[in-house]
Amino acid sequence: MKKFLPLFILLNIALTNPTLASHLKGGEITWECTGNGEYVFQLKIYRDCNGINLTTSSQFLSTSGGCPITYIPLNFIASADLTPPGCGNSCNNPNNFGGATQEFIFKSNPITINGTPPATATGWTFYWDIECCRNTVDNVIGGATGSAQMVVRSHMFASSSLSPANPCFDNSPRFVEPPTSTICVGYPFSYNPVTVDNDYDSLSYAFDYPFSSNGSGNPYGPMQFVSPYSVNNPMPGNPTINAITGEMTLFPFGAVQGNYATCIRVDSYRCGVKIASVFREIQINLSVGGCNGACDGTGNNQNDPPVISPAPFQNSVTGLYTDYADTVLVGDTVSFTLNVLEMETLVIDCTTPQLFFINLKGTQVDSVFGSPYTECDIPPCAHLDIITPAGPFTYNKTVHFNWAIDCAHATNECSEYTSYFFAINANDDACPTPALNTKTIEVVVRGLHIVSNGDTLSVNTPYTNIQWYLNGVLIP
């Protein structure tokens, strides 16, 4: 028996993720298709910079649900400091600030996965777990000790029309907006993770359970919430998440400061069939410290976020600009003006204006700004009349949004309607926690639908001139 012991030890070392930091805040797992039908998996881990540093050693994803690949090796790619800048805090010098957060990115090499995900509630599960440890949180059972093991997971399902996983048939949804890990108590808060899908599948959002590993047999499972919190009410402030846009809102007030584990689930659907679920877990710190650093002329020093107004679209019934969603036709141009207002001043003298910044995120946003607006997934691209992120500004700033809708934007293979989402946010420079306001805008593109009635062809949208062809030959 002794001669087998070294091999046994090596196997256990090879199949165990390195022990990481004791203050992990969350993470997410996504994947994308390569041009030759392979998969590339990405793991993001978020840690509290007040804890032990995170290793950059190679990691791996485990799988369950009968996936033919048991482990997927991951290589360290990069790290980034997500701590709000300009306040003297950083990941190298966190000063016990609850919002000091660092992001670590790991990626796999391209891999092929054979077989078909099972028709179960979880399909193939890809997960990452460690020996220790989740940061201390106040809303789940076992969270107060800070010893619970963290598990990050995602699910892959079969499509009714493209069941085999080889070649890669789906890019998972992915988050493009970094998580917010600290929020001030006392004002309404809104945030959007801005999830995009390269296949333009339909996305749906919901709160879900944070997961933990019990380390004995069952590798993972949901953590249970402490009353009065629940899976749909994971923290103070009556949090809600819009199932269509992904915008999260809450209004925390009173003595609710603390740390709270949250998890957002994004499901992607193709022709009504769910083909992926990705989860972003992030710990959110509710704080009262540093949240009273503004003057508004009324004697109230509570810092408030910049105001974004008006809503971009006119309500068809009232005629007022109160709508954040509109349906447009191929050939239309979406154009509107927003004003960002920040009239508060710094509490140090009540005369120095607060600074604020503006950003725009979405799949169809021009990444460099400038005619011909082609730096996005499907040109022509949407853009503001300023390069974002933009700022600093004082008092107010007016921005103009413009997007020329092309036939290529009608991408939905199952419907003549395709939805695009844009999140415009404005944050101030309050220390240590900037106030943030986010507005999510939905533009539904109605595609060109051709109707045949005998030898007469017609379309469902207004047009100036349409020339028909038969087998590439012009029809007079």
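Predicted model: local features only at pLDDT ≥ 70, side-chain atom pairs only at ≥ 80, totals over all residues.
A salt bridge here is a side-chain nitrogen of Lys or Arg within 4 Å of a carboxyl oxygen of Asp or Glu. Asp199 sits in the loop between β11 (195–196) and β12 (202–207) and Arg270 in strand β17, so this pair ties together parts that are 71 residues apart in sequence. Strands are DSSP runs of E of at least two residues, numbered from the N terminus.

Residues are numbered from 1 along each chain as its sequence is written, and side-chain values use heavy atoms, with hydrogens and water left out.

How do the two partners differ in exposure? Asp199 counts as partly exposed because its relative accessibility is 30%, whereas Arg270, at 10%, counts as buried. The terms are as follows: buried is under 20% relative accessible area, exposed is over 50%, and partly exposed lies in between, with a 1.4 Å probe and protein chains only.

By this rule the structure has eleven salt bridges. Another of them joins Arg280 and Glu28, at 2.8 Å from N to O. That pair links distant parts of the chain, with Arg280 in strand β18 and Glu28 in strand β1 (residues 24–33), 252 residues apart. Both Arg280 and Glu28 are buried. Arg265 in turn bridges to Asp267, with their closest N and O atoms 3.0 Å apart. Asp267 is buried, its relative accessible area being 3%. Salt bridges that share partners join Arg153, Asp208, Arg265 and Asp267 into one network.

The structure holds one cavity of 30 Å³ or more, and the volume of the largest cavity is about 80 Å³. On a 1 Å grid over the protein atoms alone, a cavity is a set of points where a 1.4 Å probe fits but cannot get out; a pocket is an open set with protein on both sides within 12 Å along at least five of seven lines; lining residues have an atom within 4 Å of a point. Grid points are joined across faces, edges and corners, and a volume is the space filled by probe spheres set on the points. Residues lining the largest cavity include Arg280, Phe189, Tyr191, Met248 and Cys263. β10 (189–191), β17 (258–270) and β18 (273–287) each supply at least two lining residues.

Now to the pockets and the strands beside them. The largest pocket has a volume of about 830 Å³. Of its 31 lining residues, Leu82, Pro84, Pro85, Asn427 and Pro434 lie nearest its centre. β26 gives the most to this lining, with four residues. β26 (residues 355–361) runs antiparallel to β29 (residues 417–428), the two being joined by six bridges; pairing requires at least two DSSP bridges between strands. Asn359 has Asn425 in β29 as its bridge partner.

Which strand gives the largest share of the lining of the second largest pocket? β29 does, with seven residues. That pocket holds about 380 Å³ of space. β29 also pairs with β30 (residues 436–446) in the antiparallel sense over eleven bridges, and there Phe421 has Glu442 as its partner.
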